[in-house]
Amino acid sequence: SGDTVTVPTGAGLTVTDEVKTNKISPATGVAFALGDSGDTFTVPSGATIVNSGTATGFGINQTSFLPLATPIIVNGNMAVAQRSTSVAAVGDGINTVDRINLGLGSLGAWTNTQSTDSPPGFGKSFKMDCTTSASTSASTQCLIEYSAEGQDLQVFDKGAAGALTYTLALWVKATKTGTNIVELLDQDNARTCSASYTVDTTNTWEHKVLNYPADTTGTWDDDNARSLRIRIMLASGTDYSSGTLNTTWAASSAVTTDRYVGQVNNADSTSNDFLITGLQLEVGTYTSADLPPFQHETYGDNLQRCLRYFEMMADGRQDSDAIIALGFVYQTNVISLAYQWHPKRATPSIDQSSGTDYFRYARDGGTEDFDSIKIYIPNANTGLIYSDDAFTGADDENGWVQINNAAAYVALSAEL
């Protein structure tokens, strides 16, 4: 009402049915054409186009107006794997793909790989291959987990009256069909909410979209500590699955038996594989029809975000003579090395393999081999790395430290 439609000079305006006051519409509700291809329709200043019913086809939706921002989840496309691309008889922790953690609960045995088996639009996936099958015990929790810092979650306004909802999406390919659970676990407030999806077809990539309600109880801490744990379940025992699936936010202690109800056992056969990629977390409630597209980053940008949590300084598995840093002898038995690393989430610790003569100090007077490296006075940005093995070189004798064994590596870790 009150709008003006201006038909430019030379454009045709054909009324195919009837003309009403200030309206052009067919009486029967059938489609009609307004103008011809190439025409321009001008909406006067101050006018508003309103969809007052359930009309579709405007070509405008939430996805059309996505802001330019980095994704909440780091390495959701599974592209970066600094530690390794394949580990057999894998244990708990991060073994291959950066930021993707395992909590296997001693259920069976698995080989974990960064796989090239992936759905359209992706080049890598996180693969779990069951190599020893097992039945669940009552206390079993077997899962893949991603953790996020509280300061990266403030956009959800959790704990406030206007708290926002969550949508989690992922691509999954599994041998075993049936129900699987993904839990959002609030580490700050010991609260939890679960959602389920179904693997419909064996060994086929399927895209799953899960919705979680807003939580007006318990805010995310606005800091660099772990606040959210996204738990993609592989199997669960009856201690956590004998009730009714908890699909609203609740205290974890109050819904223990409701957290993973219906979860299949992906470890019940050595034929079972379980692969994921395209992990994304969005603010708001979406379906597969209007979900924002996965925000792909360049490999370089993705790697830079991963380095906040883990940095491989030197890896003998890639280069058996890899240089770690320059250094010097101090007080005859200490090598001190100033190292400027990529800014970390928090003060890092040394992550390394160690063994006899795994590392070498090369200096003017020759070489000396040693077993391990330590870290001294570190902070999130820099520190000293050293070895306190007995060295025969003179004080201040300059040189460099390098890998001396193909199995040796040294890294910095500030993982959640």
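View 1. The structure holds 0 disulfides (pairs of cysteine sulfur atoms within 2.5 Å). Cys142 is in no disulfide; its nearest cysteine sulfur belongs to Cys130, 8.6 Å away. Cys142 counts as buried because its relative accessibility is 0%. Cys193 is also buried, at 0%. Buried means under 20% relative accessible area, exposed over 50%, and partly exposed in between (1.4 Å probe, protein chains only). This is a predicted model: local features need pLDDT of at least 70, side-chain atom pairs count only at pLDDT 80 or more, and totals for chains, interfaces and linings use all residues. Residues are numbered from 1 along each chain as its sequence is written, and side-chain values use heavy atoms, leaving out hydrogens and water.

**View 2. Thr277 in strand β14.** Strand β14 spans residues 273-283 and includes Thr277. Strands are DSSP runs (E, at least two residues), numbered from the N terminus. Thr277 is buried because its relative accessible area is 0%. A polar atom of its side chain lies 2.9 Å from the backbone oxygen of Lys124. The Thr277 side chain also reaches the backbone oxygen of Asn77, at 3.4 Å. Beyond its neighbours within four places in sequence, Thr277 is in contact (heavy atoms within 4.5 Å) with residues including Gly76, Phe122, Leu170 and Trp205.

**View 3. A nonpolar patch on the surface.** Ile323, Leu326 and Trp400 form this patch, with about 330 Å² of accessible area together. Accessible areas come from the Shrake-Rupley method with a 1.4 Å probe; for residues, only the protein chains shown count as cover. Trp400 sits in strand β23, residues 398-403. Trp400 counts as partly exposed because its relative accessibility is 38%.

How values were computed:
Patch = residues over 30% accessible without salt bridge, like charges linked within 9 Å, V, L, I, M, F, W, Y side chains within 5 Å. Salt bridge = Lys/Arg side-chain N within 4 Å of Asp/Glu carboxyl O. Helix = DSSP H or I, 4+ residues; strand = E, 2+ residues; numbered from the N terminus. Polar contact = N/O pair within 3.5 Å; in protein donor to acceptor, adjacent residues only side chain to side chain.
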